[in-house]
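Please open the model in your viewer and keep the selection panel at hand. The stops below say what to select next and what is there.

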Amino acid sequence: MPTTQTMTLKPADEFGPVLAGRGLASALREEIERALVAGHEVVVDLADVDTVSPSFADELFGKLAGAGAGLSFVNVPPEIEPLVRFVVSGRQPA
Amino acid sequence: MADPHLYIEFSGGFAFNRLEQTIERLEPLFSMTEPAVVIVDLTRLVHFSPTSIALFVATLDATIEAGLLSEGSAVLPPNSPPVRRYLERMNVVRELTRQEAPEDFTRRAPVGFRPCEHFRDDSDYAAVARELTDALSERCLVTKEARSAIRVCLDEICENVIHHADTPRGGFAAAQGWPKKGRRQFEIGIADLGVGIRASLTKNPDYADIEDDHVAIATALLPRVTSTPARNAGIGLFVTSLLLAINGGVMLVRSGCGPAMRGATTSEEHRATYLPGTVVAVRANMDQPLDLKRVYAALEEAVEKVARGPQPRVQHADHPDDDAQAR
């Protein structure tokens, strides 16, 4: 029986507590998408993140909103939850 | 036939609220189409704000790159030694002469000081945003929340240059903090000589009918407005303006013939001098909150309020008062 690998990403470890920039988020998003296409599950752990920029949020959360059950975000700081909801709703079809 | 001569003088102070005077002095360079011997006289310069520096360097850079400076062109340095050293530290010398400034004073640069920086791509601007945030944090001893907010604002404004200015020269960013007790403030200035906001925004068919620079700027400052909706969300500048409204600071956006202020002051006017490209300047109070948590929490409500309010319109000022505008 094939096993599903789980990839865990913890952006704060590599990029610090402030995640800013569409370029950075785009690179993360592409890494996530490659893993999902390969059949892996992906967990993005936002522990130790203080805040994210609007562009980062839109690129990561907004553009991955329809990625499906294989992707999950954990330890999302409560401070950014309204922003996440906002960018996700902005990417919904009218 | 000898090349024409162009003499431009910067005399006195060019603070945040005198950006328009900086633009007027630089206007002859904006409209150059043929090489000329250009003399820029800074001998009687007293003060250059970070925003004026960023625009000054961006303009000279574009003029140099276009091959418009004939032999004999020169920038006459300030007579005042502190002003001269300040401009050298801000990399004005390096950018204009394409030479590194003397090494001795760069080693003596004070804590919290960073020069005016040039950025041309995603990795450049990210590094510039980090550096200037570090500088302001060192100089003004900011809280963790304020530091995050500064970083986010710098990132968003610089990213706009890379994504929308459509110029291979990118942009220039400068920042300075004034840590004096009782009126701790900082200023960030980011300038590019790209296509300008109206030309960028009207690439989106939803905004193709916009004919005025001031309407274009006012529209661009609304949430979810962008020339490239597939790639961008269009909320970076809106978030910055909300941050400054709470802080009591201001953001000035100048492009074409339009300036717009947001934050503690909201205004839009028409200016006679055409600025190719875009300048975004932020002036904030370090003794007041820079609170992204509060801004994000209020984002949905703020957007609904904007949607219920009046749409961007033009206000023409016959005799604009710079001091009143900046207050």
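This is a predicted model: local features need pLDDT of at least 70, side-chain atom pairs count only at pLDDT 80 or more; totals for chains, interfaces and linings use all residues.

**The contact between the chains**

Begin by colouring chain A and chain B separately and selecting the residues where they touch, which are 23 residues from chain A and 25 residues from chain B. The area buried between chain A and chain B is about 1,800 Å², and carbon and sulfur atoms account for 59% of that area.

Between chain A and chain B the count is two salt bridges, and 12 residue pairs, both members at pLDDT 80 or more, are in polar contact. To see which elements of chain A are involved, select helix 2 (22-37), strand 4 (51-52), helix 3 (54-62) and helix 4 (81-90), each of which supplies at least two residues of the side that touches chain B. Helix 4 of chain A gives the most to that side, with six residues. Coloured by class, the side of chain A that touches chain B shows nine nonpolar, seven polar and seven charged residues.

**The largest pocket**

Next, centre the view on B:Leu222, B:Phe238, B:Arg262, B:Thr266 and B:Val306, which among the 30 lining residues of the largest pocket lie nearest its centre. About 940 Å³ of space lies in this pocket. Which helix of chain B gives the most to the lining of the largest pocket? Select helix 12 of chain B, which contributes six residues. The lining of the largest pocket divides into 17 nonpolar, seven polar and six charged residues.

**The largest cavity**

Finally, turn to the cavities, of which a search of the whole structure finds three of 30 Å³ or more. The largest cavity has a volume of about 450 Å³, and to find its centre select B:Asn160, B:His164, B:Ile197, B:Ala220 and B:Leu237, the nearest of its 33 lining residues. Helix 3 of chain A is among the elements that each supply at least two residues of this lining, while the largest share, six residues, comes from helix 7 of chain B. By class, the lining of the largest cavity holds 18 nonpolar, 11 polar and four charged residues.

Key. Residues are numbered from 1 along each chain as its sequence is written. Chains are lettered from A and ligands numbered from 1 in the order in which they are written. Side-chain values use heavy atoms; hydrogens and water are left out. Contact means heavy atoms within 4.5 Å. Buried area is the accessible area (1.4 Å probe) that two parts lose on being put together, summed over both. A salt bridge is a side-chain nitrogen of Lys or Arg within 4 Å of a carboxyl oxygen of Asp or Glu. A polar contact is a pair of N or O atoms within 3.5 Å; within protein, one must be able to donate a hydrogen and the other to accept it, and residues adjacent in sequence count only if both atoms are side-chain atoms. Helices (H or I, at least four residues) and strands (E, at least two) are DSSP runs, numbered from the N terminus. Ala, Val, Leu, Ile, Met, Phe, Trp, Tyr, Cys and Pro count as nonpolar, Asp, Glu, Lys and Arg as charged, and the others, Gly among them, as polar. On a 1 Å grid over the protein atoms alone, a cavity is a set of points where a 1.4 Å probe fits but cannot get out, and a pocket is an open set with protein on both sides within 12 Å along at least five of seven lines; lining residues have an atom within 4 Å of a point. Grid points are joined across faces, edges and corners, and a volume is the space filled by probe spheres set on the points.
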